[in-house]
Each structure stands twice: as C-alpha cells, then as structure tokens.
Amino acid sequence: MKIPYYPGCTLKTKAKNFETSAIAVAKALDIEFVEIPRWNCCGAVPSLSDDDLIRHIAPVRNFIRVEEMNQDGIVSDEHRIVTLCSMCFNTLKMSNLRMKKNKEDLRKINDVMYLEKEHYKQDVEVVHFLEVLKDIPPSKIKEQIKNPMPELKVSPYYGCTLLRPKEVGIDDPEDPLIFEDLLSTLGLNVVNNPLKTRCCGSYQVVSDKNIVSSLVYDILTNAKKNEAELIVTSCPLCFFNLDRRQKDIIKFHHNFEPIPILYFTQLMAILFGLNEDAFKFEENYVDYKDLFERKELASK
Amino acid sequence: MDDVIKVKLIPIYILSRKYYVPEGSTIITAMEYAGFKLKKGVGCREGFCGACASIYRLPNDYKLHGGLGCQTVVQEDMQIVQIPYVPAPKAIYDLEELEPDPNIFLKYYPETYRCLSCNTCTKVCPQDLQVMDYVQAAIRGDIERVAELSFDCLSCGLCAARCPAEITQFNVALLGRRIYGKYLSKKGKFVEKRLKEIEEGKYEEGYKELMTLSKEDLKKRYFERDLNFEIT
C-alpha cells in the first residue's frame, strides 16, 4: 500500500529518529510512505486570532500536492495524508475540516493561490499513523514480532494535539485507548498513567524550562508509580520535553530515577527486530540500553 | 527619405507620469528615452547582476508583477517603478567556522521560520524561481535543495520587499549556496590535480612564451585552443 506521507520540519531535523523508525516499521507491514513532493510547512502553530485565514494557505497547499500525486499517478486513488508529528496532524486536520465546512474561506484561499494548477477539491483526509495501524489486522502486526517482551511495562503518553479539540482527535479526548490497544497487540505489559493526556508544557519550554520540568515530573512519576519502565509517545515536542527535561528534574529531585522515552515506532522497530539503523537511538537523551539489556537477559 | 526608420511610440507610466517611448524598449531603455538619468538601479544590462529590479502593473490586471528593468519589454499603459535596493538584514559569519548543520538557517535568519507558505515571493521573482520552495527547504534544513532551487538568484530583492512574513529570502539562499559549495557539493578531482601542476611549475614555461607573443598570435592561439580538455 502506497500512502502520501507528510513529514513536517521537525521530523527532518530534531526528530529524525521518529521518521526513520516509522518508515522502517511501515515497510515491514507492507506500507510505503511516499513523501509528498514540494510539501511545505503544515501551518503550525494553529493561530488563535480571529482573522487567521492566511495561516490556512500552507495546509491547503499540501492538500493540493496530494491531489497532484493522484493525478500524476505517484499514488493510485489514495487521498489520505499520513502524518507522524501530532502537531502537524492537528494543524492539517483542523484546517481541512474548516475548508470542507466553509466554502467562502476555501474560495478566498484558492484565489490567492493562482499559481497552482488546480484548486483544492476537498477530497483529502488527514490521518495519523496510529490510525493506519489500527486498521491493520492485529495478526499481521503480531507476525512481525521477532523480539517479544511480554514483561516490559510500557505506558503511553498522548499529550494534547492527538486528542484535542474533539473534532480532530483520533480517540476519546478524556479516556483514549488507541495507544493502549496497539501496545497490547504488540504483546507488551501496558501500564496506565492517569496523566497520559495532561499537557507536557509544550512551547513554554522556550521561555521557562522550570514550568515544563515540573509538569513533566508529575507525568513521569505517575507512570512510574504504576511501575512503568518505559514511556512511548508520538509527538516530537512531548518527546523533547519528556526526554530532555529529566536532566533538570534530577537537580530538584535527587532521588529521581530517569525513565527512557521512545517514539512508539522506535519500540516497534525493536520488537520487529529491524536493523539498528532504523532506531536512530543516538538522538534519545535518556539511556534506554540498560532497560533492553535487562529485558533480554530476563527472557533468556 | 528612404533611410528614415519609423518607430511606433507607446504610452507608459513611470512614477505615475505618462511618457511615450519606442515600442519594444526595455524598462531601462524606456526610462532613459524618457529622460531619466540612471545612476542606481542599473548595472550589467544583460540580466545577470540583479541591480534593476522593477515592479509594474498592466491595464485591467490586479496582479503586481516583478521584472528586471533590462529584460522586461514595456507594454502599452504599463505602470512602472524601479526598486533599486531593498534594505535587508545580512548575517555576519565566517564560512570557515560554519558547519553544514540543518539548523544553520535558524541561527542566522530565524525570521525564515515565519513563512506562511503564501508564495508571494515566487509570484514576484523575475527569475521564475520557486522561492517559497527553497524557503521551506531551509526551514527543514535541506541545504542542498536550497542551493539547487536558488542557483539562478540574482539577489534583486523583490522577494524580500513583498514578503508578508518579512523574510530576506535572497540572503537565506546565499547562506545555503555558500555552505553547500564549501561543505556538501561533490568536489571534482581536477581542481586538486591542476593546483598541484601549477605548484610544480608545469605552466611556467608556457606563461613565459605567451608573454612574448604579439596580439595577433595571442588571438590565434585563443581561438585554436583545445576545448575538450579532461575535467574528471
């Protein structure tokens, strides 16, 4: 299955480990991510001003590129865009909903984009990779598991942009389970975290790291109280905050034991026994090696 | 009076004033015909230096067009003004100390990240470059694509003058091409080989001989030179 893939800028710079592992995992499941030619910014961050129409030009232009991929035969009758970054997913999907609902807004945007050969015909659907995985029969995913780790206690962290606002969320915004379902299919010991949808502090990290460190401390310790050994996420900004802020947390909480954070696709790549190039672990700050060495010894 | 050449004059507007200029003139020649003495806003007159950026509108067309004054032919009722210079921030860096890091554009031109993907820069570019595409490539740290897409940029500045996000596209592109040229482009072996030959004095005798030749002999040598030398 070939599907148009929207990377976004972070996956090409800070979150290479997410992109590389996701493409490898998708390939193992017979899904080919075809990067959208000439993609541009997703339009992040969603503007909160009343008159923000200009900010929707960027997402709509990406939708036109997907329609062009279908016209050029790069993909055949595949109008979904698969995203990995939760923020890109959120921004693109919000914009798509607005364009489908508000014809006048779309008309204005099409008019400004007169260099494009075609107008946006509203036939694109924005999906997150987790939704694509949900549609794959669990047996097919299970077949790929070469390194089962039934003992490994994993807690998912959703953050906010996968779930809120409700219209764009991929699952129930209050009590989502899509991540847990995937982790169960992967044969892992899924651990609940009551703060799995709590905000990580997001861009506040730019102005005040301490606000973020304090939020991250709560999120991590709640997962650890339920004996989580590993946290997985799908958002590069959540990942950055959960992973990097641990070096600050140790300064305030001397008995804090670091806990590894992985993109869910990195964990899948390990379970699938994929080549080590697919993990790109050198970009993870908190050490994960001890954990997997322990698990490997335990399973022998 | 057979030797009189008749030229049709057409009306154009320069800085809002009407002038009649010969049909087929470029913006630059039309302005000079109209009596403007151009000290700035003109350079090579061959479409290479980027000094004569101009903007214009045509009758019954809402679009604002960009063009090089020396390459754009005037049309009837065209409204023209030159933009000889665009104030632009220019980062100071030492190319020797830079690294081809994907975040290099963030460091020197952080405003690049304000891009709205509106494509206004592409619309105005007199070189027909995909300006917005290279700005987007810069944001994602794809230095090679920045260099490739901006190769024909003349730094005329029209993109930066029009950008609603106030980005200086042409300086971003210049940084990209410099890093690409120094650190990422494939280096041909012939440069090293030729440098070594020069250092070893292989051409000393030849130069001495050339210095003794007459102008005619030099011309003859120039036109008979071998153009199929090996550059691998």
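Trainee: Which residue is the bridge partner of A:Arg80 in β4(A)?
Mentor: The partner of A:Arg80 in β4(A) is A:Glu125, and strands here are DSSP runs of E with at least two residues, while helices are runs of H or I with at least four, numbered from the N terminus. This is a predicted model, in which local features need pLDDT of at least 70 and side-chain atom pairs count only at pLDDT 80 or more, whereas totals for chains, interfaces and linings use all residues. Residues are numbered from 1 along each chain as its sequence is written, and chains are lettered from A and ligands numbered from 1 in the order in which they are written.

Trainee: How many bridges join β3(A) to β4 of chain A?
Mentor: Four bridges join β3(A) to β4, residues 125–128 of chain A, and the two run parallel; two strands count as paired if DSSP finds at least two bridges between them.

Trainee: And which strand does β1 of chain A pair with?
Mentor: Strand β1 (residues 2–6) of chain A pairs with β3 (residues 80–83) of chain A in the parallel sense, over two bridges, and A:Tyr5 has A:Val82 as its bridge partner in β3(A).

Trainee: In what order do the strands of the four-stranded open sheet come?
Mentor: The order is β6-β5-β7-β8 in chain A, with parallel pairing; the edge strands, each pairing on one side only, are β6 (189–190) and β8 (261–263) of chain A. Inside that order, three bridges join β5 (residues 153–156) to β7 (residues 230–233) of chain A, and A:Leu230 is the partner of A:Val154 in β7(A).

Trainee: Changing topic, where do the domains of chain A lie?
Mentor: Domain 1 covers 2–130 and domain 2 covers 137–299 of chain A, with bounds that come from an automatic or database domain assignment. Their C-alpha centres lie 26 Å apart, and 24 residues of domain 1 are in contact with 31 residues of domain 2, where contact means that C-beta atoms, placed from the backbone, lie within 7 Å.

Trainee: Which element gives the largest share of domain 1's side?
Mentor: That is α2(A), with nine residues of the side that touches domain 2 of chain A.

Trainee: What about the contact with chain B, how many residues does it take from each chain?
Mentor: It takes 14 residues from chain A and 16 residues from chain B. On the side of chain A that touches chain B, α3(A) gives the most, with three residues.

Key. Contact = placed C-beta atoms within 7 Å.
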